[in-house]
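User: I would like to go through the terms used for this model one at a time. For each, please set the value against the criterion and then conclude.

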Amino acid sequence: MAEKIEITPEMRAVVGVESPPWTHEVTTTSVRAFARGVGYTDLVYFDEAEAKRRGYRSLPAPATYFGTPIFIPGRSNDTFSTPAQTGPSLKHGLRNVLDGGAETEYFDDICAGDTLTVTSKLADLAVRESKTTGAMLIVTQEATCKNQHGKVVAKQRSQGLFY
Amino acid sequence: MPLSFDSFKEGDPLPLLKKKPGVTQLVKYAAGGGDFNPLHHDFAFPQSKAIGSIIVHGRFKYAALGELVSNWLDHGGRIKKLSCQYRGMDLPDKEMTLGGVVKRKWQEGGEKLAEVELFVKNEEGKNTTPGSAVVVLRG
């Protein structure tokens, strides 16, 4: 348990630096896998004929799903399946991480067949005291998803809690 | 029936969604979502041992709140904003009750909008994952 966490100028310097873009694929198989993982029973996420009957181009991406980041051994994070290199790394030495929450804004639909290009940046750093884990470093990440037509379809801000 | 702007009012509850994910369901979520953090499937992982159990992915709960809102919409509109905060951990094989209430409905810039407040209650009735959403109705 960390007694005290200091946000150093070196850590501050990482804020706002945009990551190189990474490709996320939205396929019929990947939409089904995500919908199945959540436990959806609405056939729109599984059956293309049903999706078309309800007015979608193909299987729609379930809420909070932004495609699957392409996985490349050595270039992807083996635990979280995200790109390993997301710009300059934040050196804080904290071992444990918990998810703090997320906020997503959608600007257009996402369907199977779409290819998204995602960039992310560290939007904010803060320190908070928690009764259960002691001092926590709160890292706010902002991701922007563009589709194959260059249109921003979603933006997401999420908090990682390091302790 | 797709939800329409005139079919609900402020204060209306959303139909509840119950979930009781076991380890197998969390493994399916890991496969679908790509998060293979052992904290969500490996009881021997040091962080799981420190907590006393594996825990449900926060993102599983976030996605399930998305399912709750999507079920309510029944394709009568789309989600414009969806957020939640993880205030408490949820454990596998425990029932979670997801629900919400309409806080506000209004029209703006030609769009028919509604804001809903969301919750994920554990078996003790504690809201572990408060959230909110803004939806746009088609008609």
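**Terms and criteria across two chains**

Analyst: Glu105(A) has Lys81(B), a residue of β2(B), as its bridge partner. This is a predicted model, and the values below are computed from it.

User: What makes β3 of chain A and β2 of chain B a strand pair?

Analyst: The criterion is at least two bridges between the strands. Strand β3 (residues 97–106) of chain A and strand β2 (residues 77–85) of chain B have 5 bridges, in the antiparallel sense, so they count as paired. One of the bridges joins Thr104(A) to Leu82(B).

User: How do you know that β3(A) also pairs with β6(A)?

Analyst: By the same criterion of at least two bridges. Between β3(A) and β6(A) there are 9 bridges, again antiparallel. Glu103(A), for example, stands opposite Arg157(A) of β6(A).

User: Which order do the strands of the open sheet follow?

Analyst: The sheet has 11 strands with antiparallel pairing, in the order β2(A)-β1(A)-β4(A)-β5(A)-β6(A)-β3(A)-β2(B)-β5(B)-β4(B)-β3(B)-β1(B).

User: Why are β2 of chain A and β1 of chain B called edge strands?

Analyst: Each has a single partner strand, so one side of β2 (68–69) of chain A and one side of β1 (17–19) of chain B are left without a neighbour in the sheet.

User: What lies across the strands on the chain B side?

Analyst: Helix α3 (residues 58–73) of chain B does, running at about 150° to β2(B). The strands it lies across include β3 and β6 of chain A as well as β1 and β2 of chain B. In all, chain B comes to 3 helices and 5 strands, in the sequence pattern β-α-α-α-β-β-β-β.

User: Why is the pair Asp74(B) and Arg54(A) called a salt bridge?

Analyst: The cut-off is a Lys or Arg side-chain nitrogen within 4 Å of an Asp or Glu carboxyl oxygen. The side chains of Asp74(B) and Arg54(A) meet at 3.4 Å, N to O, so the pair qualifies.

User: What makes Lys151(A) and Asp108(A) a salt bridge, and where in the chain do they sit?

Analyst: Their closest N and O atoms are 3.0 Å apart, against a limit of 4 Å, so the term applies. The pair links distant parts of the chain, 43 residues apart: Lys151(A) is in the loop between β5 and β6 of chain A, and Asp108(A) is in the loop between β3 and β4 of chain A.

User: How do you know how much area the two chains bury, and which residues of chain A lose the most?

Analyst: Interface size is often given as the accessible area lost when the parts come together. Chain A and chain B bury about 2,900 Å² between them, with 49% of it on carbon and sulfur atoms. In chain A, Val38(A), Arg54(A) and Tyr106(A) lose the most area to chain B, together 18% of what that side buries.

User: How many residues and polar contacts does the interface have?

Analyst: The contact takes 35 residues from chain A and 35 from chain B. There are 17 residue pairs in polar contact between the chains. On the side of chain A that touches chain B, β3(A) gives the most, with 10 residues. By class, that side has 16 nonpolar, 13 polar and 6 charged residues.

Methods
Residues are numbered from 1 along each chain as its sequence is written. Chains are lettered from A and ligands numbered from 1 in the order in which they are written. This is a predicted model: local features need pLDDT of at least 70, side-chain atom pairs count only at pLDDT 80 or more; totals for chains, interfaces and linings use all residues. Side-chain values use heavy atoms; hydrogens and water are left out. Helices (H or I, at least four residues) and strands (E, at least two) are DSSP runs, numbered from the N terminus. Contact means heavy atoms within 4.5 Å. Axes are lines fitted to C-alpha atoms, for helices over the stretch in contact, and angles run from 0 to 180 degrees between N-to-C directions. Buried area is the accessible area (1.4 Å probe) that two parts lose on being put together, summed over both. A polar contact is a pair of N or O atoms within 3.5 Å; within protein, one must be able to donate a hydrogen and the other to accept it, and residues adjacent in sequence count only if both atoms are side-chain atoms. Ala, Val, Leu, Ile, Met, Phe, Trp, Tyr, Cys and Pro count as nonpolar, Asp, Glu, Lys and Arg as charged, and the others, Gly among them, as polar.
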